[in-house]
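I opened this entry to look up the open spaces in the model and the residues that line them.

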Amino acid sequence: MYKIDLNCDLGESFGRYTLGLDEQVIPLITSANVACGYHASDPLVMDRTITLAKEAGIHVGAHPGYPDLQGFGRRNMDVSPAEAKAYTMYQLGALDAFCKSKGVKMQHVKPHGAMYNMAGKDYALAKGIAEAIYEYDKNLIVMALASGQLVQAARDVGLRVAREYFTDRAYEPDGSLVNRRKEGAMITDENEAIERTIRMVKEHKVRAVDGTDIELCAESVCVHGDGAKALEFVKKIRTAFEAEGITIAPLAEVV
C-alpha cells in the first residue's frame with residue numbers, strides 16, 4: 001500500500017497583498033507549511049491561516065525562512081549556524097503562539113527557500129536549524145529535501161524526518177533542485193508533473209534534468225498554492241493518486 005503526505009506552503013500574504021489560494025487549497029491537503037513573518041506573512045495572516053487549517057482539520061507546520069521579505073526568502077544569505085538556529089527558534093515561537101491560542105498542535109517544520117536549499121548542502125547550517133527545532137519541541141517532524149544534509153542533521157539530533165518531493169520542480173543528478181534561474185527548472189506540464197510524482201511514490205525514481213534516473217524516496221509531496229492553476233492541479237493530483245491506489249495521509253501516519 002502506498003501512502004503519502006500532501007503539503008503546501010501557505011500563509012504567504014502580507015498586509016494588503018494577497019498571495020495564493022489558501023482558503024480553497026487547505027481542505028485538499030494534509031499538511032500546511034505556514035510562513036512565520038520573515039520571508040512572508042504578518043501576524044494577522046498567520047492568525048487567519050491557523051484558523052483555516054483548524055477548521056479544515058489540516059495539520060500545521062512552521063515554514064521559517066531568512067529575514068528577507070523583499071526577496072521572498074529566496075536570496076542566499078551568509079549566516080552562521082548560530083544565526084540560523086536563532087532565526088528558526090524565533091519563528092517557531094511566533095507561529096506556535098497562534099497555534100496554542102487556537103488549541104492547535106504544531107506537527108512539523110519545513111524551512112523555506114534559500115534557507116531550505118542551503119541547509120540541503122551545508123551540514124553545519126542544517127545542524128543549527130535542527131538543534132533549534134529539537135530544543136523547541138523534540139516531537140516536531142522535520143520536512144526536508146530528500147537527498148539533503150538537513151535529513152542527516154535532523155536524524156543526528158534525534159528528530160523524525162519527512163523527506164520531501166516537489167511536483168513542479170526539476171532535479172539535478174545529485175538530487176538537489178534545479179536553480180529557478182535555469183531553463184527547465186520548473187515542470188510546467190501538469191500531466192508530466194503528475195506522472196513523475198506517481199513514479200517517485202511507486203518506484204522511488206525521478207528523471208533528472210540531464211536525463212538520468214536518480215533514486216529518490218519521499219514521505220511528503222509538495223504542491224504550490226500560488227500559481228494560476230494551483231487549485232485545479234491539486235484536485236487533479238488527488239484524483240490521480242486515488243486512481244493509482246496511493247493514499248493521502250498526514251505526516252504522523254507516514255513517518
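Before listing helices, I note that helices (H or I, at least four residues) and strands (E, at least two) are taken as DSSP runs, numbered from the N terminus. The model is predicted, so I keep in mind that local features need pLDDT of at least 70 and side-chain atom pairs pLDDT 80 or more, while totals for chains, interfaces and linings use all residues. Residues are numbered from 1 along each chain as its sequence is written, and side-chain values use heavy atoms, with hydrogens and water left out.

I found 16 lining residues, with S13, T18, D22, R48 and L52 nearest the centre. α1 (22-25) and α2 (43-56) each give at least two residues to this lining, and α2 has the largest share with four.

I then turned to the largest pocket, which holds about 1000 Å³ of space. Its lining has 42 residues, and R74, R169, R180, M186 and H224 are the closest to its centre. α4 (113-121), α7 (190-203) and α8 (230-243) each supply at least two lining residues, and the largest share, six residues, belongs to α4.

Terms used:
On a 1 Å grid over the protein atoms alone, a cavity is a set of points where a 1.4 Å probe fits but cannot get out, and a pocket is an open set with protein on both sides within 12 Å along at least five of seven lines; lining residues have an atom within 4 Å of a point. Grid points are joined across faces, edges and corners, and a volume is the space filled by probe spheres set on the points.
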